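Here are some questions and answers on one helix and the pockets of a protein. Look at the structure before reading on.

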Amino acid sequence: MHRAALVLTTIAALLAPRAVSAQADVPRAYMLDMKVEPTGVQAWVEYQQNHGARIHEALVDDGALLASDLWVRHTGGEYNLRYNYVLPDFGAVAEAGGRAAQHMDADAAAAGAGLTMSSESTDAIWYIGDSSFQDGWPMAPYAYESALEIEMGQLAQWKADFVRLVKPGLDRAVEQGLIVAWARLDHSIGGPWNTKVVLWMPSWEAMESVGDLLDPTVEDPASATAVGSAILNRVDIIWR
C-alpha cells in the first residue's frame with residue numbers, strides 16, 4: 001500500500017469489520033490523530049497542499065466526502081497531526097479508502113512514499129450533535145478543541161446543560177466575531193472521549209476568550225458543582 005493512501009485506506013481497514021450503527025444515514029466526522037517526528041510535519045502539510053487536497057476534492061465531487069482538512073498541533077495533546085473527514089453516512093467511512101485509491105496518480109504516490117510514518121495513531125468517529133456554521137464563513141487559522149469524558153449516567157444531563165448554559169454564549173461569540181464557528185461532537189466509535197467541543201478561532205488574540213465561552217458558570221454560577229462533577233477527564237488542544 002502506498003503511504004500516500006495511508007490516511008483514507010486506514011479507515012476501511014479499521015472499520016469494515018464493525019457493525020454499522022442504527023443511525024447509519026447520519027453524517028459522521030472521522031478523526032485520525034497521528035504522532036510523527038516533528039521534522040516530518042512540514043512534509044505532511046506540503047503533501048496535503050500539493051496532492052491530498054486534490055484527491056479529497058475529487059471525493060467531494062463524487063459525493064463520497066463532504067469536507068476534509070489537515071490540522072497541525074499548536075499546543076496540548078499527544079498527537080501532532082490530525083486528518084478530519086466529514087462523510088455523508090457510516091457506510092461512506094468504510095468505503096473512503098478504496099475511493100481515494102481510485103484518484104491516486106503516480107506523482108501523489110511518489111510524494112507519499114517519502115512521508116515520515118506515524119509512530120502512534122488513534123481514530124474515532126463522531127456525530128455532529130450541535131453546531132453553528134454560517135454560510136460563507138471565513139477560513140479560521142486556529143481550532144480550539146476541548147475533549148471530554150463525561151460520566152455515562154450524566155451524559156444526557158450534560159448535553160442538556162450545554163444547550164442551556166454554554167450554547168448561548170457560543171452563539172453570541174459568533175455574532176460578535178470572537179469565533180468563526182463551533183460544533184459539539186457526540187461519540188460514535190473509538191477513543192476515550194464521549195463528547196468534544198470545537199471552536200474555530202479567527203486569531204490568536206481571540207483565544208483569550210475561550211475559557212469564558214466554555215465555562216457554564218458564566219450563564220449560571222450555581223451550576224458549577226453539578227456540571228463539573230460529570231467530567232471525569234478532559235484535555236484541551238489548540239490546532240492550526
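Helices (H or I, at least four residues) and strands (E, at least two) are DSSP runs, numbered from the N terminus. This is a predicted model, in which local features need pLDDT of at least 70, side-chain atom pairs count only at pLDDT 80 or more, and totals for chains, interfaces and linings use all residues. Residues are numbered from 1 along each chain as its sequence is written, and side-chain values use heavy atoms, with hydrogens and water left out.

Q: Which strand supplies the largest share of the lining of the largest pocket?
A: A pocket is an open set of points on a 1 Å grid over the protein atoms alone, where a 1.4 Å probe fits, with protein on both sides within 12 Å along at least five of seven lines; lining residues have an atom within 4 Å of a point. Strands S1 (28–35), S2 (67–75), S3 (81–87), S5 (142–150) and S6 (181–189) each supply at least two residues of this lining. The largest share, five residues, comes from S2.

Q: How many residues of the lining of the largest pocket are nonpolar?
A: Ala, Val, Leu, Ile, Met, Phe, Trp, Tyr, Cys and Pro count as nonpolar, Asp, Glu, Lys and Arg as charged, and the others, Gly among them, as polar. In this lining two residues are polar and two charged, and the nonpolar ones number 22.

Q: On which residue is the kink in helix H3 centred?
A: The bend at a residue is the angle between axes fitted to the seven residues ending there and the seven starting there. Helix H3 covers residues 90–102, and its kink is about 50°. The kink is centred on alanine 96.
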